[in-house]
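Please keep the model open while reading the points.

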Amino acid sequence: MSFSAEVKSELAKLTPKNACCQRAETSAIIHMDGSLHILGSERFSLDISTENAAVARLLYKYLTDTFGLHVESIVRRSVLHKVNNYLIHVPHQEMIGQALNELGILDDHMVVTTGIMHRLVRKDCCALAYLRGAFLGGGFISNPKGDYHFELTTDNAEFAADLQALVNRFELHSKISDRKKNFAVYMKDSEEILRFLALIGAYNALFKWEDERIIKEVRSQVNRLVNCDTANVNKVVNAAGEQIEDITLIDSRLGLEKLPPSLQEFAKVRVEYPYVSLRELGELFDPPLSKSAVYHRARRISSLAKSLHQVSR
């Protein structure tokens with residue numbers, strides 16, 4: 001099961017206490033997944049299609065219990081995608097016009113609405129119920145093990161703009177992406193996605209998201225430290241190799257015995273311990289030397305080797 005499906009299954013088990021919130025949630029699901037058929041003057045039928053069984057059950061319950069509608073449920077199997085598709089069919093009946101008006105699908109003149117009716121989301125509890133319904137109908141959230149991504153997808157530009165305004169009403173910063181015939185209200189910030197999950201009541205998903213995010217951040221930090229250590233080791237080995245080459249050149253051209261005692265001592269210790277850092281090299285002297293003192297001797301050796309190179313050209 002995808003992470004999105006897990007979130008939807010969790011949300012579908014939540015039942016708003018207030019009738020106004022149930023109405024808002026149902027309206028959002030129908031706006032996202034529904035198809036309204038106009039059969040004649042004030043004659044309508046409604047189809048809602050979803051791949052999530054929990055969402056289908058929730059919608060069936062709302063439409064039958066809250067609005068007293070006769071609803072038919074049909075399960076279809078996609079041969080191509082090997083998944084079930086649940087069709088909720090509401091045939092024309094006496095109460096359907098009134099129900100669609102209460103749900104904000106039709107306005108008071110029985111004209112189809114394209115955006116979100118203000119009366120449905122006037123209260124914050126109803127606005128959050130509407131967002132929960134929008135996610136149940138057309139929401140996607142990525143698995144937190146990968147890149148962070150959340151979106152609500154619709155083919156209606158005005159509805160997408162209203163959804164964005166509704167999300168941002170709770171101090172979030174969603175944006176809209178135009179994808180040819182579809183519009184996605186999306187967020188990519190992990191903190192904001194977490195806040196959205198908390199707002200709509202998906203607490204189990206929230207904890208799972210947070211756990212995965214912490215594991216991913218710790219793993220990234222460990223990788224950065226390992227890469228940093230590897231780079232430092234390479235740097236030490238390369239520098240030591242150059243110092244030994246300089247010492248070998250000086251020995252062959254001039255003889256190490258011609259060097260001042262401090263440089264003779266440096267050359268002897270460096271050749272004996274070719275893979276230690278300057279700080280560790282300093283601890284091998286008697287008395288021990290500071291890192292800067294060892295670095296100063298290494299620079300004198302390097303400078304002398306360059307001079308011998310230039311003389312030989």
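1. Basis of the note. The model is a predicted one, in which local features need pLDDT of at least 70 and side-chain atom pairs count only at pLDDT 80 or more, while totals for chains, interfaces and linings use all residues. Residues are numbered from 1 along each chain as its sequence is written, and side-chain values use heavy atoms, with hydrogens and water left out. Helices (H or I, at least four residues) and strands (E, at least two) are DSSP runs, numbered from the N terminus.

2. The sheet of β1 to β4. Four strands form an open sheet in the order β1-β2-β4-β3, with antiparallel pairing; two strands count as paired if DSSP finds at least two bridges between them. At its edges stand β1 and β3 (72–77), each of which pairs on one side only. Neighbouring strands of this sheet are turned against each other by 20° on average, direction ignored. Strand β3 is joined to β4 (residues 84–90) by 6 bridges, and the two run antiparallel. Within this pair, Ser73 has Ile88 of β4 as its bridge partner.

3. Helices on that sheet. Helix α2 lies across β1 and β2 and runs at about 85° to β2. Helix α3 (residues 53–66) lies across β2, β3 and β4, and its angle to β4 is about 10°. Such angles run from 0 to 180 degrees between N-to-C directions, the axes being lines fitted to C-alpha atoms, for helices over the stretch in contact.

4. The loop between β1 and β2. Glu42 is located in the loop between β1 (34–40) and β2 (43–50). Although Glu42 is not a glycine, its phi is positive, at about 55°. Is this residue buried or exposed? Glu42 is exposed, with a relative accessible area of 56%; buried means under 20% relative accessible area, exposed over 50%, and partly exposed in between (1.4 Å probe, protein chains only).

5. The sheet of β5 to β8. A further open sheet of 4 strands has the order β5-β6-β8-β7, again with antiparallel pairing. Because β5 (139–141) and β7 stand at the edges with a single partner strand each, one side of each is left without a neighbour in the sheet. Helix α7 lies across β5, β6 and β8, at about 100° to β8.

6. Pairing within that sheet. The antiparallel pair β5 and β6 has 3 bridges, and Phe140 stands opposite Glu151 in β6. Strands β6 and β8 run antiparallel and are joined by 5 bridges; here Thr153 stands opposite Ala184 in β8. The antiparallel pairing of β7 with β8 also extends over 5 bridges, with Ser177 opposite Ala184. The hairpin of β7 and β8 has 2 residues between the strands, and Lys180 takes a positive phi near 60° there.

7. Helix α6. This helix (residues 157–168) has 12 residues and reaches 17 Å from its first C-alpha to its last, close to the 16 Å expected at 1.5 Å a residue; the expected span is 1.5 Å times one less than the number of residues. Which residues of α6 are buried? They are Phe159, Ala160, Leu163, Leu166 and Val167. These residues cover an arc of only 120° around the axis, so they are on the same side of α6; the arc is that of the directions from the helix axis to the C-beta atoms. Their cover includes α2 (19–33), α5 (124–138), β6 (150–154), β7 (175–179), β8 (182–187) and α7 (190–200), where contact means heavy atoms within 4.5 Å.

8. Glu171 lies in the loop between α6 and β7. Its phi is positive, at about 60°, although Glu171 is not a glycine. Glu171 is exposed, with a relative accessible area of 60%.

9. Two further loops. Leu254 belongs to the loop between α8 (203–253) and α9 (261–272) and is partly exposed, with a relative accessible area of 33%. The C-alpha atoms of Leu254 and Leu308 are separated by 8.7 Å, although these residues are 54 residues apart along the chain. Pro287 is found in the loop between α10 (278–282) and α11 (291–312). The peptide bond from Asp286 to Pro287 is cis, with omega near 0°.
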